[in-house]
Amino acid sequence: MKRIPIDAALLPAIREATLAGSEPPARPRPVIGESWHRVRRHGVDPESGRPVPLIPADEVEHLRHTSQLGVLLPQLREGLLEAADAVRHLIVVTDAEGRLLWREGSPGVRRSADRLGFEVGASWKEELVGTNGIGLALVERRPVQVHSAEHFVRTHHSWTCAAAPLHDPRDGRLLGVLNVSGPALAFNPATLALVTAVAKVSEAELRARHWESVDRLRAIAAPMLARVGGRALAVDRDGWTAAVTGMAPVSRVVLPGQVRPGRVWLPSLGPCSIEPLPDGWLVRVDESAGEDAPPSRVVLDLRRPHDWTVTVSGGAGHWSHELSPRHAELLFILARHPAGRTAAELAADLFGDATRTVTVRAELSRMRRTLAGVLSHRPYRFADGLDVRLLAPGHGADLLPASTAPVVLAARRELPGGQGGSGSAPLP
């Protein structure tokens, strides 16, 4: 893992000059400078920060019990405790809102962290406490390190943080962040590489556990499906297929955000009925419905800086799906180009390189499996007759903040105020 490409001794002067609006002796790393820009809008005091609110202990316990990350704690400890100096460093696991659910370290380092509000139950999102490892990993969705005076708040400058996001391998959803924090002067440059490796191994463990649960569901559902007429699937609670009858196998059916027994329209299958199974659902394709309930409206909601959704509505109800950063970028582009875009145009929009069509086609193929009936191709576009609404944030810096796609960078400048403004406005 590369070292931070700036002399650490210059960081205080870089921060002071940047926040004062004068010319710094060197430019901050782009990821840090962009974070400082976002944090200033949220009114965080660069000298002392702001009080960090804590959620109640009973809510912490509820979050721990409902988090998928709890089963990984032994593996996280084993992977980090021997390499990280347990006397001088804290190991922290947060949820997707940056709330500290688990924290390990010596009593002395925990007391030092407590004085900053870095304790169990506190949220360390950027907008609450300024630039830090946890908050930046939530925005960037990739491993990051924040060293000393790269922290926005001066009282955090004696610390360095290395953080890596933890994703659900079933659907790419962000589950939380693994973070190691310690004294800036004693921090090992290899810590970020270690945290990144442990996070990837932990995600692999979640993937293995998932397929074990699919196998258990298959053993229950396969005999049942043998007695079902017509097209039907047994899927787990996240839509992964355990067994199928009367149709070609599909790896996954994307289900509504809130699944309930009854009739529902699914983008990949059309009108269906859903019945509960142990740890899953029986999905029967409604053969008699034909095409009587096609989608009619799509809402792409990008107003939040971290979580983006697409909601599809039609005669049989509505369906929502949480988007990965790349899929959010692609749908954003298509929403702004109703006539459609070729693979080369999308590659230029995303990467500034029209030759990267293989990557674009692969991503669109995955999305079309999820959004069958919603997306068309030749060129890629939303299907004819759909009412497509794009909801953008009120400030440019909050529009897919980690994206470097040229089309997104240009769109940020179009929002109210040039680089942002107030209110919620759909982009044209």
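Start by selecting His89, in the loop between helix 4 (73–80) and strand 1. The model is a predicted one. His89 has a relative accessible area of 8% and is buried, because the cut-off for buried is under 20%. Leaving aside residues up to four places away in sequence, His89 touches Glu104, Gly105 and Val109, and also Val180, Ser181, Gly182, Pro183, Ala186 and Phe187.

Next, select strand 1 (residues 90–95) together with strand 2. The two strands run antiparallel and are joined by 4 bridges. Val92 stands opposite Arg103 in strand 2. The hairpin of strand 1 and strand 2 has 4 residues between the strands, and Gly98 there takes a positive phi near 75 degrees.

Move to helix 2 (residues 30–41) and helix 7 (residues 133–140). Their axes come within 11 Å and cross at roughly 100 degrees. Helix 2 and helix 7 are therefore roughly perpendicular to each other. To see the contact, display Val31, Ile32, Glu34, Ser35 and Arg38 on helix 2, and Leu136, Val139 and Glu140 on helix 7. Sorted by type, the residues of this contact are 4 nonpolar, 1 polar and 3 charged.

Select the open sheet of 5 strands with the order 7-6-10-9-8; its pairing is antiparallel. Strand 7 (241–245) and strand 8 (262–266) stand at the edges with a single partner strand each, so one side of each has no neighbour in the sheet. On average, neighbouring strands of this sheet are turned by 30 degrees against each other, direction ignored. Strand 8 pairs with strand 9 (residues 270–277) in the antiparallel sense over 5 bridges, and Arg263 stands opposite Ser273 in strand 9.

Helix 8 lies across strand 6 (232–236), strand 7, strand 9 and strand 10 (280–285). Its direction is at about 25 degrees to strand 7.

Finish at helix 12 (residues 406–414). Which of its residues are buried? They are Val407, Val408, Ala411 and Arg412. These residues cover an arc of only 140 degrees around the axis, which puts them on the same side of helix 12. An α-helix has 3.6 residues a turn, so residues three or four places apart point the same way.

Notes
Residues numbered from 1 in each chain as written. Predicted model: local features only at pLDDT ≥ 70, side-chain atom pairs only at ≥ 80, totals over all residues. Heavy atoms only, no water. Axes fitted to C-alpha atoms, helices over the stretch in contact; angles between N-to-C directions. Parallel < 35°, antiparallel > 145°, perpendicular 65-115°, else oblique. Contact = heavy atoms within 4.5 Å. Nonpolar A, V, L, I, M, F, W, Y, C, P; charged D, E, K, R; others polar. Pairing = 2+ DSSP bridges. Buried < 20%, exposed > 50% of the residue type's maximum accessible area, 1.4 Å probe, protein only. Arc of directions from axis to C-beta.
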